[in-house]
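Me: I am new to this structure and would like to learn how to read it. Could you take me through it one feature at a time?

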2 protein chains.
Amino acid sequence: MKTIAITGAGGQIGYALVFRVLSFFAEKNEKIHLKLIDLPAVMPSMEGLAMEIDDCAFSCVESLTITDELHVGFKDVDWAFLVGAMPRQKGMERSDLLSKNALIFKEQGQALNEVANPDAHVLVVGNPCNTNALIAAHYAPKLNKNHFYGMMMLDELRARAQVANKVDTQVENVKNMIVWGNHSATQFPDYTHATVDGKQVTELCDETWLKDTFLPKNQKRGAEVIAARGASSAASAANAALETMKRVLYPDGQPFSLGIHSNGEYGAQAGLMASYPCMVSSGEARIINDIELDSYVKAQAQLSFDELADEYNQLKTLNIL
Amino acid sequence: MKTIAITGAGGQIGYALVFRVLSFFAEKNEKIHLKLIDLPAVMPSMEGLAMEIDDCAFSCVESLTITDELHVGFKDVDWAFLVGAMPRQKGMERSDLLSKNALIFKEQGQALNEVANPDAHVLVVGNPCNTNALIAAHYAPKLNKNHFYGMMMLDELRARAQVANKVDTQVENVKNMIVWGNHSATQFPDYTHATVDGKQVTELCDETWLKDTFLPKNQKRGAEVIAARGASSAASAANAALETMKRVLYPDGQPFSLGIHSNGEYGAQAGLMASYPCMVSSGEARIINDIELDSYVKAQAQLSFDELADEYNQLKTLNIL
């Protein structure tokens with residue numbers, strides 16, 4: 001029986017994620033222990049969340065824990081969704097954001113190290129997700145560093161949906177759309193290898209659209225959703241988090257985008273957490289390392305890898321790594 | 001291919017429901033046309049909702065319509081979730097609430113009558129849900145009046161969860177917990193027929209707890225959730241709405257609580273919409289009409305039926321029915 005933990009469970013993404021996760025396991029007829037973690041100030045409203053979970057009568061809930069203590073919430077955890085993070089606030093420099101989050105994910109890594117199942121998988125949703133995942137992994141040496149992930153699935157799904165809309169097909173027909181690098185504006189959704197019904201996307205969509213519309217739109221999609229909704233992506237972020245868990249724990253044999261520990265593949269600095277095309281075999285997500293990239297894709301991926309290296313170096317300077 | 005409509009799609013319940021519905025049909029490998037309806041003022045943020053739906057890349061979305069026009073949103077609809085309603089505001093009398101909502105559901109009934117699939121099913125979530133369903137059915141004579149429902153599933157699930165917590169079992173083991181009457185504080189969750197693993201709930205729980213704790217807690221659960229969360233039930237209401245659709249369209253052979261057109265069964269005034277134990281056979285939800293009720297249950301159900309009759313009579317006075 002799996003133990004699933006969600007941090008930031010009292011927030012908007014958490015609220016969407018909790019019920020999607022429960023519905024997924026209920027449908028699968030798999031029982032879980034669910035541990036919902038948030039800050040002490042959020043505990044009263046988390047009681048309301050617990051009531052609503054009760055009131056859904058999901059058959060999969062073997063136990064439910066609501067807590068503001070990491071050591072309780074991560075105890076024996078098999079899969080952790082690290083959703084909670086310090087959001088970027090007005091006037092905050094990117095380096096402030098990095099260092100404030102570094103402390104959060106350092107503490108979470110330490111707690112995971114002490115009480116989680118050593119084989120646990122940890123998916124970081126809270127941004128900057130790849131670097132936050134790197135910090136958590138660094139402070140959890142008893143866990144497998146290849147089991148720490150940054151969430152890139154939302155970027156991949158956004159890219160696939162854009163192409164599906166453009167060529168008027170269903171999203172599931174858009175395949176092999178891998179996002180390289182960072183979950184940020186430097187990300188590179190690699191349309192050069194993507195296909196629709198076996199045809200290359202580059203044959204179906206003209207290059208001007210791909211470079212001048214598709215790429216910037218994907219890179220800035222988060223801001224576009226905020227502008228329209230008046231709130232950041234919640235349900236779609238939760239969906240991508242669940243989808244990532246499904247791809248890792250219940251693999252379907254398709255490649256997918258995942259922020260994962262780099263050994264230097266495709267020119268990234270070894271030791272970074274970065275997004276790569278991954279496949280799961282024998283229960284382990286692995287980087288597909290034999291894809292031919294042309295010089296344009298290589299350069300785009302490198303730009304994004306370099307941004308991650310820059311985040312890494314800032315953490316070194318701050319003595320966090 | 002089913003056409004599903006959701007009113008009030010831009011609200012909190014709507015936001016939770018949209019993604020649960022899409023995930024359900026994606027999992028079932030069934031394509032749907034999804035029509036999301038809300039007021040003109042909400043259209044800009046609905047564009048954000050549409051983006052997030054795109055970004056989830058659900059395989060079931062054959063088409064997505066966002067509209068503030070009922071005739072567009074209900075066109076050819078097979079299943080409508082009527083979520084949007086005027087909420088009770090400070091200083092508003094119950095009769096104000098009734099009449100304001102009556103106009104909303106009259107207009108929706110008329111639009112359904114003109115453009116929906118005549119065989120459509122209509123589940124009213126917006127309160128007062130049973131009486132709102134009655135009004136919509138009244139103004140949609142081309143549709144089957146037995147296909148209009150008031151949502152009672154949240155009350156049933158809350159009752160089952162309470163008993164499960166009390167006797168320390170899983171919710172799915174609590175069966176045959178039917179809520180009679182109205183979705184209001186007069187509702188009667190009938191513990192006298194409910195069972196846990198084949199044992200009567202009345203044998204497992206003492207009568208004082210059932211009468212003095214269980215009943216009032218269920219009747220006032222909505223308020224309790226608001227007090228804890230600082231917001232009304234959203235995810236659990238959405239869950240109950242989806243669950244009702246599943247029970248009607250994909251029946252599992254279990255009895256469940258449903259607000260449905262009454263022909264006077266069990267002492268209700270004929271013509272009301274009221275909650276009864278229902279089963280689906282040959283695609284139709286039907287009232288189970290051979291259950292023996294003791295005088296206590298009869299009297300409790302009658303109180304709640306009488307409240308519904310009272311709502312009905314007020315609408316007569318207002319010339320809405």
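Predicted model: local features only at pLDDT ≥ 70, side-chain atom pairs only at ≥ 80, totals over all residues.

Me: How many bridges join β7(B) to strand β10 of chain B?

Reply: Two bridges join them; β10 covers residues 195-196 of chain B, and the two strands run antiparallel.

Me: Now the helices. At what angle do α1 and α10 of chain B pack?

Reply: The angle is about 40 degrees, and the axes are 8 Å apart; α1 spans residues 12-28 of chain B and α10 spans residues 235-249. Angles under 35 degrees would count as roughly parallel. The angle therefore makes α1(B) oblique to α10(B). As for handedness, α1(B) and α10(B) form a right-handed crossing.

Me: Which residues meet in this helix pair?

Reply: From α1(B) come Ile13(B), Ala16(B), Leu17(B), Arg20(B), Val21(B) and Phe24(B). They meet Ala235(B), Ala237(B), Ala238(B), Asn239(B), Ala241(B) and Leu242(B) of α10(B). By class, the residues of this contact between α1(B) and α10(B) are 10 nonpolar, one polar and one charged.

Me: How many residues of chain A are in contact with chain B?

Reply: There are 36 residues of chain A in contact with 36 residues of chain B. Next, ask which elements supply them. On the side of chain A that touches chain B, two or more residues come from each of α1 (12-28), α2 (43-56), α6 (153-167), α9 (221-229) and α10 (235-249) of chain A. The most come from α2(A), which gives 10 residues. This side of chain A divides into 15 nonpolar, 10 polar and 11 charged residues.

Me: What rotation superposes chain A on chain B?

Reply: To relate two copies, look at the rotation and at the shift along its axis. A rotation of 180 degrees with 0.0 Å of shift superposes chain A on chain B, with an RMSD of 0.0 Å. This is why the two chains have the relation of a two-fold axis. Both copies use the same surface, as 100% of the contact residues of chain A recur in chain B.

How values were computed:
Residues numbered from 1 in each chain as written. Chains lettered and ligands numbered in written order. Least-squares fit on C-alpha atoms with pLDDT ≥ 70 in both. Contact = placed C-beta atoms within 7 Å. Pairing = 2+ DSSP bridges. Helix = DSSP H or I, 4+ residues; strand = E, 2+ residues; numbered from the N terminus. Axes fitted to C-alpha atoms, helices over the stretch in contact; angles between N-to-C directions. Parallel < 35°, antiparallel > 145°, perpendicular 65-115°, else oblique. Left-handed = near helix turned anticlockwise from the far one by under 90°. Nonpolar A, V, L, I, M, F, W, Y, C, P; charged D, E, K, R; others polar.
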